[in-house]
Amino acid sequence: MLFVTYGKNPYSMVREILEEIKPEKECNRDSLIALKPNLVLAKPSGSGATTSPELVRGVIEHFKEKGFLNLIIIESSWVGDSTERAFDVCGYKDLAREYNIELFDLKKDKGTKKKGDELTLSVCKKALEVDFLINLPVLKAHCQTRLTCALKNLKGLIPDKEKRRFHQLGLHQPIAELNTIIKTDLVIVDAIMGDLSHEEGGSPVEMGRIIGGEDPVLVDSYAAELLGLRAEEVPYILMSEQLGIGSLFDEATAIKEHRLDNYPKVTLKPSSRVKRLAQYIVEGGACSPCYGALIYALSRLEEEGHLEKFSEKIFIGRDYKDKESSSLGVGMCTARFERHISAGCPPKARDIVEYLKDYNKP
Ligand code: SF4
């Protein structure tokens with residue numbers, strides 16, 4: 001089961017999702033509950049790179065109000081940055097002070113060897129002491145693995161030396177095996193703002209939602225579709241499924257959606273890369289989950305060479321609701337257009353890619 005809520009206020013959205021999931025039923029009062037955001041580097045969440053501190057605030061308040069006080073925030077930024085700096089720049093130092101919660105910089109921790117399936121991996125000791133791990137990734141693209149979400153977010157729980165070795169090992173196998181050693185108990189994805197192409201941000205795309213679930217494979221395979229990918233295109237997702245970490249998303253997966261009447265509008269000033277893709281779009285009052293899906297889909301199509309001959313404009317947004325046109329439209333609002341890509345509301349980027357990749361073929 002997946003839980004999705006729409007909007008742009010991460011605090012209230014995450015509170016709503018947690019009231020639904022009730023993760024505290026899996027914890028004892030004295031359980032050590034670790035919150036693992038994605039603070040890959042010292043950039044605020046508006047860059048599309050890091051987890052919003054307001055989302056983390058919502059998680060902290062949920063558990064504190066239920067009487068679970070043994071909370072800790074754990075993270076190790078990528079090799080090129082200081083976690084301490086990321087805690088500061090991303091607003092976590094203020095948060096920790098306000099709620100009297102420890103911020104644990106795993107760069108200062110020792111590694112311990114643990115056997116995965118075929119590999120032996122070095123894992124930070126603190127990560128193994130945790131009783132309940134709340135994985136709080138950002139939904140974004142990645143230049144090597146194509147997607148980074150829940151499964152890959154655990155790479156912040158290993159020593160820097162091991163992070164370098166993960167790259168030498170090609171990332172996919174060690175990421176999957178790391179997830180056999182460290183179990184994620186709950187995933188809450190910050191999918192309000194992600195990045196179009198890189199984990200370090202810089203080309204943010206609004207997606208206007210938070211996704212919750214208890215199975216990181218299910219969450220990631222669903223997340224892949226939102227970015228226009230099939231799970232097979234992200235090998236660590238399939239490897240994780242084969243290692244028994246979780247199940248793949250398919251059309252039969254139950255999704256409980258909230259605030260379907262609360263899709264936020266697109267507000268972000270586009271980066272140059274987003275602007276280039278936006279040339280194909282005629283937008284009129286589009287919601288960000290819809291517009292973001294189209295941007296990600298166009299990015300996939302561009303990567304695969306399908307945009308070279310594409311000269312159409314794609315209409316999107318509430319302004320076209322109930323209007324007839326001979327143009328090409330996407331989403332339920334353009335359902336009366338003669339040529340219509342997907343009736344989803346919001347559509348998934350994967351469905352847009354499937355429709356458009358053969359569009360110019362004779
Ligand atoms: S189809 Fe229309 S209402 Fe639905 S998400 Fe897209 S723009 Fe918004």
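Q: Which residues are around the ligand?
A: The general idea is a distance criterion: a residue is near a molecule if one of its heavy atoms lies within 4 Å of it. In this predicted model, the residues around the ligand are Tyr-263, Cys-287, Cys-290, Gly-317, Arg-318, Gly-331, Met-332, Cys-333, Gly-344, Cys-345 and Pro-346. Residues are numbered from 1 along each chain as its sequence is written, and side-chain values use heavy atoms, with hydrogens and water left out. As the model is predicted, local features need pLDDT of at least 70 and side-chain atom pairs count only at pLDDT 80 or more, whereas totals for chains, interfaces and linings use all residues.

Q: How many residues of each class does the shell around the ligand have?
A: Ala, Val, Leu, Ile, Met, Phe, Trp, Tyr, Cys and Pro count as nonpolar, Asp, Glu, Lys and Arg as charged, and the others, Gly among them, as polar. By that scheme the shell around the ligand comprises seven nonpolar, three polar and one charged residues.

Q: What kind of peptide bond joins Cys-345 and Pro-346?
A: The bond is cis, with omega at about 0 degrees. Both partners belong to the residues around the ligand. Pro-346 is placed in the loop between strand 16 (337-340) and helix 13 (349-356); helices (H or I, at least four residues) and strands (E, at least two) are DSSP runs, numbered from the N terminus.

Q: How many residues has the largest nonpolar core, and which of them have the most contacts inside it?
A: A nonpolar core is a set of buried Ala, Val, Leu, Ile, Met, Phe, Trp, Tyr and Cys residues joined through side-chain atoms within 4.5 Å. Buried means under 20% relative accessible area, exposed over 50%, and partly exposed in between (1.4 Å probe, protein chains only). Here the largest such core has 80 residues, and Leu-139 and Leu-147 have the most contacts inside it. Helix 12 (residues 288-303) gives the most to this core, namely nine residues. At least three residues come to this core from each of domain 1 (2-258) and domain 2 (272-356), the bounds being those of an automatic or database domain assignment. Another core, of 33 residues, lies apart from it and includes Leu-18, Leu-71, Ala-86 and Phe-132.

Q: What volume has the largest cavity?
A: On a 1 Å grid over the protein atoms alone, a cavity is a set of points where a 1.4 Å probe fits but cannot get out; lining residues have an atom within 4 Å of a point. Grid points are joined across faces, edges and corners, and a volume is the space filled by probe spheres set on the points. A search of the whole structure finds one cavity of 30 Å³ or more, and the volume of the largest cavity is about 150 Å³. It is lined by 15 residues, of which Val-40, Lys-152, Lys-155, Gly-156 and Glu-199 are the closest to its centre. The lining divides into three nonpolar, six polar and six charged residues.

Q: Where does Leu-171 lie, and is this residue buried or exposed?
A: One looks at backbone angle, position and accessibility together. Leu-171 has phi near 70 degrees, a positive value in a residue other than glycine. Leu-171 lies in the loop between helix 7 and helix 8 (172-181), and is buried because its relative accessible area is 1%.

Q: Is Asp-322 buried or exposed?
A: Asp-322 is exposed, because its relative accessible area is 56%. This residue also has a positive phi, of about 65 degrees, although it is not a glycine. Asp-322 is found in the loop between strand 14 (314-316) and strand 15 (325-329).

Key. 1 Å grid on protein atoms, 1.4 Å probe; cavity = no way out; pocket = protein on both sides within 12 Å on 5 of 7 lines; lining within 4 Å.
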